[in-house]
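Here is a friendly note to read with the model open beside you. Take the points one at a time, and find each residue on screen as you go.

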Amino acid sequence: MSSGIWTLLALAGSLGGVLLSWKAWQNAWQDGGPTGRARPLMAAAGALAVFSLALWAAGYGAEIGIPLALETGALIAFGFILTRMEVRPLREMRARTAPPLPARSRWIGAARFATAGVLGFAAAIGLGVLFATRAPLGEQTRLILGALAVPSLWSAAIAWTACDRRLLPQTLVFSGIAAVSAAATLATSR
Amino acid sequence: MIAISKQFTRAMVGGHGLIGVLFGAVIYVLCLTGSVLTLVDQLTIWERPGAPEISHLSADDIVAITGRALAEAQRAGVAHDVFVHMPTDELPRMTVFARDGKGGHRDWNVDASGRLVAREETPWVEFVQVLHFNLTAPGPIGRYVVGIFGTILMASIVTGLLAHRRILRDAFRLRWGGTRRLANADLHNRVGVWALPFHLIVALTGSVLGLAGLITIILALVAYKGDQGKAIAALLGPQASEDARAAPPPDIGSMLSTIAQREPGSEVTQIAIEHAATMGQQVRIAIAAPRHLARNEALLFSPDGTLKWRAGFTDGTAGMRIFGMITPLHYGTYGGVVLKLIYAALGAGLTVIVASGGNIWLARQREQGRPRSRLERLWVALIWGQPAIFAIIAALLIVAPIPAVASYWALTFATLVLALRAGDRAPAAARKALGAALVLLAVTHVATLGISDPIAVTIDLALLVLGVLALANGALGRWLRRR
């Protein structure tokens, strides 16, 4: 079968999945939750999504087909949502005045920055290097997975520091991870 | 069902907002330039529609052109490394890039008869690349900074997802109009949630691409006793040696024969002669791998044509296969023009998320009685001003060789100052400026370079439509509300 036919079938599958999800969503929120009529529709939507994914993978190979399924699915869903956009008259906000918030300490801001940026990075690179050098995998796989782990772990550290008003737990955890991972890497490399 | 406490959501919203306020402007520029660069091949054709084209090369053609490229690079004194990029279906242009190892370089186009001719420069595309890859900072620092912003973008995506209490309840709801905050929040959340896998992939791969050099340095220090070459060789294969004694050119014909035997039917996409015409030289040849996400397989040859190493991007270790996927996943180069258009649309979606995120924060400040008027104007100047500046620079570069990076910073500074002076007129003025800049660019392009290539014409039409939409933004909104 030509790739054009695979593509059309897979696109139809994605669209069907989105439409069934929408019907399930409508029923679920009319019923007050994902119960009753929504469940079989959600199951059918899931089955269509998997079917569409399988078609993309069959047409283009799994490596290319899976990302293609996710990307086209996202576009189809958003395109569908755009067709159902509710347009409302503009509503101006009432002018309000509130007292200014108390000024935040710049030192706390700088400490937060240092915790997320420096200690978070030290912890992430520590774990990444430990994995890259000591994980029981082939050299190239260790290196690549270790390199991918660094930004993932660092972003988690940034997220935690940005969301938690406290700084002590993050400081202790990041310093501890950095120290322990560096010690483990050095100890096992001798 | 897992109950998420309001306190947790508040913390996530706070953290998400903090990241956005501190870093949103740079993330916006990176997302905007990244979306533009998904169409780099098409924009290269658009910028220089008259550049020489070449298609279907036989092995003999490749051998002859590579030999000419090496000789030309030697004459120009830049033959330390010579790269020959083959034409593709999307960009039927063949280019040669050569560098002297001390920072100097030259490049050429190859015409239909296989001769090297002066390269048709694409300064606008290169400017957008410099902005996206380095934020115009010199050396590797800019690249690391871009990698750090990729990491921050990932943190922002995660906190944004965790902050979303009504992820299912609002999954299909998009309201336009009403209060400014509600309209922006719906847009922000719908695009953010439905395209989440794309956003995470692009942020992670961008972060790895930016930070790769820094991670390699640290890894080399720890795991390879400071030997960066050894760390790089683990992934990129043996490096050319430093033996600079003169040597005859490498036997490219023999290498292509080996490839034809080992990988029948495969197309060569790039030839790189490293430390060319020295005793230490070696040749890296990339061949197309159409059904693989990596898109290419890399083979490394000794000058006599002996195969030294094969990367294994398509059939090697899990690590090498993942390594081969990182760049195509980031730029969407694994599925032809249609996928590039999908990437451009999803990238534009990510850019809209960043812009609407700033709008939500500013509207909330206003609702709470603490309007940030100056910040509102600066944000408007950035959101609408940056694409307008890109269009103005492109129009200027079509007619005169201006310094693109200096012009960009000067215009950015000017738009910020103008926005502060424009007061409440800033949003409408900024949208009109963008519309006018896009129309001006399309008209300048057609007037100067004519109507020739269908891709260039399509891009000009798209610019014109987008420009008119930006100019008619207010009327369009009123029309939509009347319906």
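1. Start with a pair of helices in chain A. Helix 2 (residues 38-60) and helix 3 (residues 62-83) of chain A have axes that come within 7 Å and cross at roughly 140°. Helix 2 of chain A and helix 3 of chain A are therefore oblique to each other. Angles under 35 degrees count as roughly parallel, over 145 as roughly antiparallel, 65 to 115 as roughly perpendicular and the rest as oblique. Axes here are lines fitted to C-alpha atoms, for helices over the stretch in contact, and angles run from 0 to 180 degrees between N-to-C directions. Helices (H or I, at least four residues) and strands (E, at least two) are DSSP runs, numbered from the N terminus.

2. A word on what you are looking at: this is a predicted model, in which local features need pLDDT of at least 70, side-chain atom pairs count only at pLDDT 80 or more, and totals for chains, interfaces and linings use all residues. Residues are numbered from 1 along each chain as its sequence is written, chains are lettered from A and ligands numbered from 1 in the order in which they are written, and side-chain values use heavy atoms, with hydrogens and water left out.

3. Which residues of helix 2 of chain A meet helix 3 of chain A? They are A:L53, A:W56, A:A57 and A:Y60, and their partners in helix 3 of chain A include A:I64, A:I66 and A:L68. This contact (heavy atoms within 4.5 Å) divides into 9 nonpolar, 2 polar and no charged residues. Ala, Val, Leu, Ile, Met, Phe, Trp, Tyr, Cys and Pro count as nonpolar, Asp, Glu, Lys and Arg as charged, and the others, Gly among them, as polar. A crossing is left-handed if the near helix is turned anticlockwise from the far one by less than a right angle, and right-handed if clockwise.

4. Now turn to helix 4 (residues 106-134) and helix 6 (residues 168-189) of chain A, which pack at an angle of about 30° with their axes 8 Å apart. Helix 4 of chain A and helix 6 of chain A are therefore roughly parallel to each other, and their crossing is left-handed. Among the residues that meet are A:L119, A:L127 and A:R134 in helix 4 of chain A, and A:F174, A:I177 and A:S181 in helix 6 of chain A. The contact of these two helices is made up of 10 nonpolar, 11 polar and 1 charged residues.

5. In chain B, the axes of helix 11 (residues 336-367) and helix 12 (residues 373-399) come within 11 Å and cross at roughly 165°. That makes helix 11 of chain B roughly antiparallel to helix 12 of chain B. Helix 11 of chain B passes helix 12 of chain B in a left-handed crossing. The residues that meet include B:W361 and B:R366 in helix 11 of chain B, and B:E376 and B:W379 in helix 12 of chain B.

6. How many disulfides does the structure hold? Over all chains there are 0 (a disulfide is a pair of cysteine sulfur atoms within 2.5 Å). The sulfur of A:C163 has its closest cysteine sulfur in B:C31, 19 Å away, which is too far for a bond. A:C163 is buried at a relative accessible area of 9%, and B:C31 counts as buried at 9% too. Buried means under 20% relative accessible area, exposed over 50%, partly exposed in between (1.4 Å probe, protein chains only).

7. Next, look at B:T179, in the loop between strand 5 (175-178) and helix 6 (180-194) of chain B. B:T179 is buried, with a relative accessible area of 12%. Leaving aside neighbours within four places in sequence, B:T179 is in contact with A:R91 and B:E367.

8. Finally, check two backbone angles. Most residues other than glycine have a negative phi. Phi of B:H56 is near 40°, a positive value, and phi of B:A277 is near 55°, also a positive value. Are these residues buried or exposed? B:H56 is exposed, at 74% relative accessibility, whereas B:A277 is buried, at 11%.
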